[in-house]
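Subject: Structure handover and notes

Hello,

Here is the structure I said I would pass on. My notes follow below it.

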Amino acid sequence: MATILPPDDDEPVLPESPSKAPSPLSFPDYRYYWLARFTAVMATIAMVVVIGYQLYDTARTDYGMSIKEASFQLGLLGLFQFVPLAVLTPVAGWVADRFERRSVAIFSNLIDLLIAAALGWFTYTDGLTLPLLFGLAALHGVARVFSGPAMSAIAPNIVPPAVLPRAIAMSSIAWQSASVIGPAAGGLIYAAHPTSVYIFAAVLLAISAFTISRVRPVLPPPTEVRRHPLREMADGLQFTWRERFLLGTITLDLFAVILSGATAMLPVYARDILMTGSEGLGFLRAAPAVGAALVALGLAWRPIERNVGVKMLWAVVVFGLATMAFGLSTNFLLSLAMLALLGAADMFSVFVRGTLIQLNTPDHMRGRVSAVSGLAISASNELGEMRAGSMAAAFGPVFAVVAGGAAAVGVTALWAWLFPELRRARTFEPQFKKAE
């Protein structure tokens, strides 16, 4: 276990029965953690949505690109955010396991705050260019790669194990509710006054840095033998590779979202298919989070306990089908509904995967394994955007989205066959023999 300071006198005492465990929000440290996560996610997602719209609009307006050419630029945007993640993920996981995790998270927030300030300045001076947007997007990827493992590794050390499933669901509520408010607020603020959206994001990032600093220090877990950093970085990858259940769970999400992600095409749909502009883009970007937040709220109230593997597989199938329906829709309300449905299905699979990872990973490896999981999530998102942008450039945005959704359904069937452990998982209890 990581070392933490003794609990405050007003922290609740965990009852003997896990079923009677208190709410995670009854722990002061978790309340600070929840608020820090909420504000940081709201800020960064608002920024990402606006960056995507600004890049697409800049490509179409200032560079005279066609819809297909500008769509390809959106794919490149995902690639520029992914490269730092791919290169730095082993380092970020090692840092989260060897340094004070709050400090890593605070430093990452401050990097994003500087990015928000730079984007605000160049928006105000009308100095945005495609190279500048790509460069700042890459720097944002650097901040994310260090923030993710550190924040994920904090939660298991500030609540007791019996509370952890509900804590993960509550953390998902923070993420998804911020994902609802952030895009909508970002789109509306940008439409009213473009520079103000980055001021909004900078203030939220400052609040996040302050609130995570209020969590008691979580010291790195002790190790009997300190090995070479490169060897320790490789341990997380090896642990994940050896455990088939964990490997199957992570890679299912990886390939399903790479093939079916529709997020990169939302600026195209908002501007040139649904004709809703930046305001509509905010609502389109928020719709998946609405569905996800509702599912997260239900799981926080009543977490699932049985047949978790089969339910996860069916959730990915629903995700793919909803993506196909969104791709074919030309009605704004129907598009919102399908995005909300795919968000709900994605949240269900995320909850299952996140709970399994946290409950089945030794604390001294949580940062590194969280980094592997984070890399898979980021790869699925950013490389999915690259896949969608490239396919849209060749065949059009509608084909790119519909074909991706169909591919996700196919991947789920293939993974159910390749990893029968997924179908057989009944509960969140360890599904594999722990590595010695």
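Confidence

Please keep in mind that this is a predicted model. The mean pLDDT of the chain is 78, and 79% of the residues reach 70 or more. By element, confidence is highest in helix 6 (residues 196-213), with a mean of 94, and lowest in strand 1 (residues 3-4), with a mean of 40. The pLDDT is below 50 over residues 1-19, a stretch that has 39 contacts in the model beyond near neighbours in sequence. It is also below 50 over residues 432-436, where the corresponding number of contacts is 12. Where pLDDT is low, the predicted coordinates should not be read in detail.

Overall make-up

The chain has 15 helices and 2 strands. Of its 436 residues, 57% count as buried. The exposed surface comes to about 17,700 Å², with carbon and sulfur atoms supplying 68% of it. Among contacts with a separation of 6 or more, 86% are between residues 24 or more positions apart.

The core

The largest nonpolar core has 106 residues, and the members that touch the most others are Tyr30, Tyr33 and Leu119. Helix 1 (residues 28-61) gives the most to this core, with 17 residues. Leaving aside neighbours within four places in sequence, leucine 119 is in contact with Met47, Ile51, Leu128, Leu133, Leu136 and Tyr198.

Salt bridges

The count comes to 5 salt bridges. One of them joins the side chains of arginine 216 and aspartate 29, at 2.4 Å from N to O. This pair links distant parts of the chain, as arginine 216 is in the loop between helix 6 and strand 2 (218-219) and aspartate 29 is in helix 1, 187 residues apart. Arginine 216 and aspartate 29 are both buried.

Another salt bridge is formed by arginine 271 and aspartate 57, whose closest N and O atoms are 3.5 Å apart. Arginine 271 lies in helix 9 and aspartate 57 in helix 1, so this pair ties together parts that are 214 residues apart in sequence. Arginine 271 is partly exposed at 24% relative accessibility, and aspartate 57 is partly exposed with a relative accessible area of 24%.

Arginine 60, the residue of the opening question, forms a salt bridge with aspartate 272, with the closest N and O atoms 3.7 Å apart. Here too helix 1 and helix 9 are tied together: arginine 60 lies in helix 1 and aspartate 272 in helix 9, 212 residues apart in sequence. Aspartate 272 has 18% relative accessibility and therefore counts as buried, the cut-off being under 20%. Asp57, Arg60, Arg271 and Asp272 are linked in a network of salt bridges.

Positive phi

Most residues other than glycine have a negative phi. Which loop holds aspartate 126? Aspartate 126 is found between helix 3 (101-124) and helix 4 (130-154), and its phi is positive, at about 60°, although it is not a glycine. Aspartate 126 is exposed, with a relative accessible area of 71%. Methionine 275 also has a positive phi, near 55°. Methionine 275 is found in the loop between helix 9 (266-273) and helix 10 (277-301), and at 61% relative accessibility it counts as exposed.

Two further residues

Serine 349 is in helix 12 (residues 332-359). With a relative accessible area of 5%, serine 349 is buried. Its side chain reaches the backbone oxygen of aspartate 346 at 2.9 Å. Apart from neighbours within four places in sequence, serine 349 is in contact with Met312, Ala315 and Val316.

Arginine 144 lies in helix 4 and is partly exposed, at 27% relative accessibility. The C-alpha atoms of arginine 144 and proline 84 are separated by 9.2 Å, the two residues being 60 apart along the chain.

Regards

Note on methods. Residues are numbered from 1 along each chain as its sequence is written. This is a predicted model: local features need pLDDT of at least 70, side-chain atom pairs count only at pLDDT 80 or more; totals for chains, interfaces and linings use all residues. Side-chain values use heavy atoms; hydrogens and water are left out. pLDDT is the predictor's confidence in each residue, from 0 to 100. Helices (H or I, at least four residues) and strands (E, at least two) are DSSP runs, numbered from the N terminus. Contact means heavy atoms within 4.5 Å. Buried means under 20% relative accessible area, exposed over 50%, partly exposed in between (1.4 Å probe, protein chains only). A polar contact is a pair of N or O atoms within 3.5 Å; within protein, one must be able to donate a hydrogen and the other to accept it, and residues adjacent in sequence count only if both atoms are side-chain atoms. A nonpolar core is a set of buried Ala, Val, Leu, Ile, Met, Phe, Trp, Tyr and Cys residues joined through side-chain atoms within 4.5 Å. Accessible areas come from the Shrake-Rupley method with a 1.4 Å probe; for residues, only the protein chains shown count as cover. A salt bridge is a side-chain nitrogen of Lys or Arg within 4 Å of a carboxyl oxygen of Asp or Glu.
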